[in-house]
Amino acid sequence: MARITASVYTSHVPAVGAALDLGKTQEPYWQPVFHGYDFAKQWEKENPPDVVFLVYNDHATAFSLDMIPTFAIGTGAEFMPADEGWGPRPVPKVIGHPELAAHIAQSVIQDDFDLTIVNRMDVDHGLTVPLSLMFGQPEAWPCPVIPFAVNVVQYPVPSGRRCFNLGKAIRKAVESYDEPLNVQIWGTGGMSHQLQGQRAGLINREWDNAFLDKLIDDPEAAASIPHIDYVREAGSEGIELVMWLIARGAMSDIGGGPKPTLRHRFYHVPASNTAVGHLILENH
Ligand code: DHB
Ligand code: FE
């Protein structure tokens, strides 16, 4: 059977992608950000997944106000990096895993979560920047990736509790797939940031670190954070953090298994307009 071996959490700041693509990683502004991912790149080499289930949000790139799926699973064979206004990032195309994605869709929809099935879409920085942070700059991504897009852009957005429960359903789906695959689940976005309005530039280190503490040790409490707290405390775009709860809900301890091991924790301010947060939790 397939297994979720680890969960990875990371911000997806688009300027991080630009810094990488333009060879600026050693500049004084960016060096501490990329240094925070040195461990992750080594860890991925030592613990290579067969498949990454990558929870991210589309930023009005593949979807628009014409169509707003709350949860969308990429079941296609491949996904091209999107043109976000400056041309597509010069990164490899993303190879999907249609069989596992279709199985997860079947299982999760029968478990009462309404997913939108997407056979064709381009993927933006929400997905490609985490791949670059974790895998560096390879000729091809080292494994297939199942894109899982969550609407955190256009209201109404899903609650943290619903995301957490969806994570549980995803774990059940993966564990009922009849092939011994090592699957990592990644939750991306955040941490505190607000890109518009009077509070543009908001960062809340204290709240972000309390969120990381809760996510690691008291995920039930993290899942109970009401929507308004994200917006008030972490800014309008801080709501991206509900996607981390999907990955956390998919860990074994939520289903009564042993607590995961914290392999890495990193927090840095600023990167562009954002506080960067990053965790690796390993299942036993
Ligand atoms: C920024 C961060 C984001 O998460 C995003 O999607 C766009 C911009 C920023 O920090 O500039
Ligand atoms: Fe974003």
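**Exercise 1. Find where the side chains of Lys172 and Asp111 meet, and describe the contact.**

Solution. In this predicted model, the side chains of Lys172 and Asp111 come together in a salt bridge, with 3.1 Å from N to O; a salt bridge here is a side-chain nitrogen of Lys or Arg within 4 Å of a carboxyl oxygen of Asp or Glu. Finally, consider the accessibility: Lys172 is partly exposed at 48%, and Asp111 is partly exposed at 25%, where buried means under 20% relative accessible area, exposed over 50%, and partly exposed in between (1.4 Å probe, protein chains only).

Residues are numbered from 1 along each chain as its sequence is written, and chains are lettered from A and ligands numbered from 1 in the order in which they are written. Local features need pLDDT of at least 70 and side-chain atom pairs count only at pLDDT 80 or more, whereas totals for chains, interfaces and linings use all residues; side-chain values use heavy atoms, with hydrogens and water left out.

**Exercise 2. Describe the salt bridges that Glu220 forms with Arg161 and Glu175 with Arg171.**

Solution. The structure holds eight salt bridges, and these are among them. In the pair of Glu220 and Arg161, the closest N and O atoms are 3.0 Å apart. Because Glu220 lies in helix 8 (residues 219-223) and Arg161 in helix 6, this pair ties together parts that are 59 residues apart in sequence. For Glu175 and Arg171, the closest N and O atoms are 3.3 Å apart, and both residues lie in helix 6, four residues apart, about one turn of the helix. Glu175 is partly exposed at 32%, whereas Arg171 is buried at 16%.

**Exercise 3. Identify the residues that coordinate the iron ion (ligand 2).**

Solution. The iron ion (ligand 2) is coordinated by His12 (NE2), His59 (NE2) and Glu240 (OE), at 2.1 to 2.2 Å; donors are N, O and S atoms within 2.8 Å of the metal (3.2 Å for Na, K and Ca), and sites may look incomplete because water is not among the atoms. Along the sequence, the spacing of these donor residues is H-x46-H-x180-E. As for accessibility, His12 is buried, with a relative accessible area of 3%, while His59 is partly exposed at 24%.

Terms used:
Helix = DSSP H or I, 4+ residues; strand = E, 2+ residues; numbered from the N terminus.
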